[in-house]
Amino acid sequence: MAHVLAVDDDPDILELVALKLRSAGHTVTTAGSGERARDVLAAHPDIELAVVDHMLPGMTGVDLVRALRAEGSALRVLMLTARSQERDLVGGFSAGVDDYLTKPFSPRELAVRVRALLDRR
Amino acid sequence: MTLPWLTPHLLVTVLVTVWALVLLTILATLLSHAARVRTERSQRALDEAARPLVARFVLDDPVDPGLRATLRDARGAFGDRVDERLLAVLEGITGEGRERTVALLVDRGHPARLRRRARSRRALVRAAAIRRLGRLALPADADLVRRATADRAPVVSSVAARALAAYPGAASAQAVLDLLRAGASVPQLVVVNSLIGQGEADEDALARIRQGLEDPEARVRAACAQVLGELTSTADAPLLGELLRRDPTAGVQLAAAGALRRVGRAGAVPALLEGTRSAWGPVRLQALQALLALPREVAAPALAEVARRGDPLLEPLLPRPADLPGS
């Protein structure tokens with residue numbers, strides 16, 4: 001089981017993601033913005049994976065991933081994205097996103113994808 | 001000039017009255033602000049209490065009957081926040097948890113309240129009710145939401161067009177196209193996204209969108225072309241090629257060429273080549289971009305022909321002759 005960061009500005013979705021991952025046995029820390037996520041990651045170097053919403057206000061999910069990769073971070077990233085933003089994912093993958101899940105999503109699928117990404121270690 | 005009626009007493013009275021009115025206004029503003037802050041704080045606290053319960057309800061398998069009863073029976077201000085939180089999670093999840101959430105909202109009588117609000121005299125109340133009914137996506141509300149596309153208030157018709165993505169079908173696609181045809185002030189993005197959602201989910205809606213390519217109204221043809229491009233089915237390439245070739249309107253040609261950029265295939269090359277000869281620069285550019293998006297061995301002869309023409313608008317985008325296969 002791993003330490004996972006969940007980043008979403010929608011507190012309802014954040015609560016769901018955190019609860020689902022906790023019930024799957026992970027330790028979950030949450031952040032409501034990209035900027036806050038960077039602070040959390042700096043304070044918790046043991047975080048292995050981040051579930052990041054694409055459309056964050058200010059620093060977007062892709063901006064966050066790009067900044068992390070520029071710093072040499074190997075954090076695994078699963079991006080949550082609205083169907084209408086799927087086209088932007090090409091940019092997301094080139095920025096260093098490892099996998100994505102389209103909103104609305106099945107919480108079960110979220111847990112499975114997180115597991116699969118963590119198993120890549 | 002003297003004003004005998006302007007006595008010191010009158011001046012003092014006027015000044016005192018003005019100051020009293022100013023102070024009263026400030027006081028009323030402060031009180032209303034304080035009340036608003038208090039309401040928001042109270043709502044936040046209730047949301048904080050409701051959110052974990054709702055998340056557990058959505059995710060638990062099996063559901064704790066006690067938790068379900070707590071949420072089902074919540075009333076008053078807390079009940080309102082429970083409704084809001086349940087509706088909010090509907091935006092984000094699919095599957096069994098979603099169905100369970102909808103069933104709980106029905107048990108709480110929420111759809112009935114929304115239907116009442118959808119008849120409100122206030123446009124914003126109607127719009128909010130229609131948006132929420134769209135989130136619930138109960139089949140019984142499809143007609144109500146479709147009718148709301150003809151609402152006199154643009155905010156309501158716009159929200160209804162968006163909500164119809166949850167009720168895909170020929171009638172819903174038609175309602176959105178009718179709205180577009182009527183020239184209603186609904187953002188194009190809302191219309192297109194609604195049609196994309198419907199076309200993805202329902203074959204009859206998709207068929208109606210394809211028929212829209214022959215609509216007498218240019219903005220309907222253009223929107224349908226854009227939607228078919230977004231749906232990325234190469235089966236639509238011949239229809240879009242015909243539209244690019246024959247439509248007299250620049251905006252429609254542009255939409256068709258843009259769509260072919262996404263769904264183009266070898267069969268579309270002649271239409272795209274014709275597009276690069278259009279009198280309208282943006283159409284020529286878009287047609288060239290669509291040719292460039294095709295596999296180079298398919299598009300090479302057409303690209304060579306465009307290069308021979310020496311169109312100064314297109315030349316900067318063309319690959320060097322040495323980079324074309326067979327050169």
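A crossing of two helices counts as right-handed if the near helix is turned clockwise from the far one by less than a right angle. That term comes up in the first view below, and all the views show a predicted model.

**View 1. Helices α9(B) and α11(B) cross in a right-handed sense.** Two packed helices are described by the angle between their axes and the distance between the axes. For α9(B) and α11(B), the angle is about 35 degrees and the axes sit 7 Å apart. On the α9(B) side, the contact is made by A170(B), S172(B), A173(B) and Q174(B). Facing them from α11(B) are D204(B), A205(B), A207(B), R208(B) and I209(B). Sort the residues of this contact by class and you get five nonpolar, two polar and two charged.

**View 2. Helix α9(B) and what covers it.** Helix α9 of chain B runs over residues 170–181, so 12 residues in all. From first C-alpha to last it reaches 16 Å, close to the 16 Å expected at 1.5 Å a residue. Its buried residues are S172(B), A173(B), A175(B), V176(B), L177(B), L179(B) and L180(B). The cover over those buried residues includes α7 (142–148), α8 (154–163), α10 (188–201), α11 (203–211) and α12 (218–231) of chain B. Just past the end of α9(B), look for G183(B), which takes a positive phi of about 70 degrees.

**View 3. A positive phi at A137(B), a residue other than glycine.** Phi of A137(B) comes out near 55 degrees. You'll find A137(B) in the loop between α6 (123–136) and α7 of chain B. Is A137(B) buried or partly exposed? It is partly exposed, because 17 other C-beta atoms lie within 10 Å, and a residue needs 20 or more to count as buried.

**View 4. Where chain A meets chain B.** The contact takes 15 residues from chain A and 16 residues from chain B. On the side of chain A that touches chain B, the elements giving two or more residues are α1 and α5 of chain A. The largest share of that side, eight residues, comes from α1(A). By class, the chain A side divides into seven nonpolar, three polar and five charged residues.

**View 5. L19(A), a buried residue in contact with chain B.** L19(A) lies in helix α1 (residues 11–23) of chain A. It counts as buried because it has 20 C-beta neighbours inside 10 Å. Which residues does L19(A) contact, leaving aside its neighbours within four places in sequence? They are A55(B), R56(B) and L59(B). Within chain A, L19(A) and P107(A) are 88 residues apart in sequence but 9.8 Å apart in space, C-alpha to C-alpha.

**View 6. A cis peptide bond in each chain.** In chain A, the bond from K103(A) to P104(A) is cis, with omega near -5 degrees. P104(A) has its place in the loop between β5 (99–103) and α5 (107–119) of chain A. In chain B, the cis bond runs from D61(B) to P62(B), with omega near 0 degrees. P62(B) lies in the loop between α1 (8–59) and α2 (65–73) of chain B.

**View 7. M55(A) in its loop.** The loop that holds M55(A) lies between β3 (47–53) and α3 (61–70) of chain A. M55(A) is partly exposed, with 17 other C-beta atoms within 10 Å. From M55(A) to R113(A), it is 58 residues in sequence and 20 Å in space, C-alpha to C-alpha.

How values were computed:
Residues numbered from 1 in each chain as written. Chains lettered and ligands numbered in written order. Predicted model: local features only at pLDDT ≥ 70, side-chain atom pairs only at ≥ 80, totals over all residues. Helix = DSSP H or I, 4+ residues; strand = E, 2+ residues; numbered from the N terminus. Buried ≥ 20, exposed ≤ 12 C-beta atoms within 10 Å, placed from the backbone. Contact = placed C-beta atoms within 7 Å. Expected span 1.5 Å × (residues − 1). Nonpolar A, V, L, I, M, F, W, Y, C, P; charged D, E, K, R; others polar. Axes fitted to C-alpha atoms, helices over the stretch in contact; angles between N-to-C directions.
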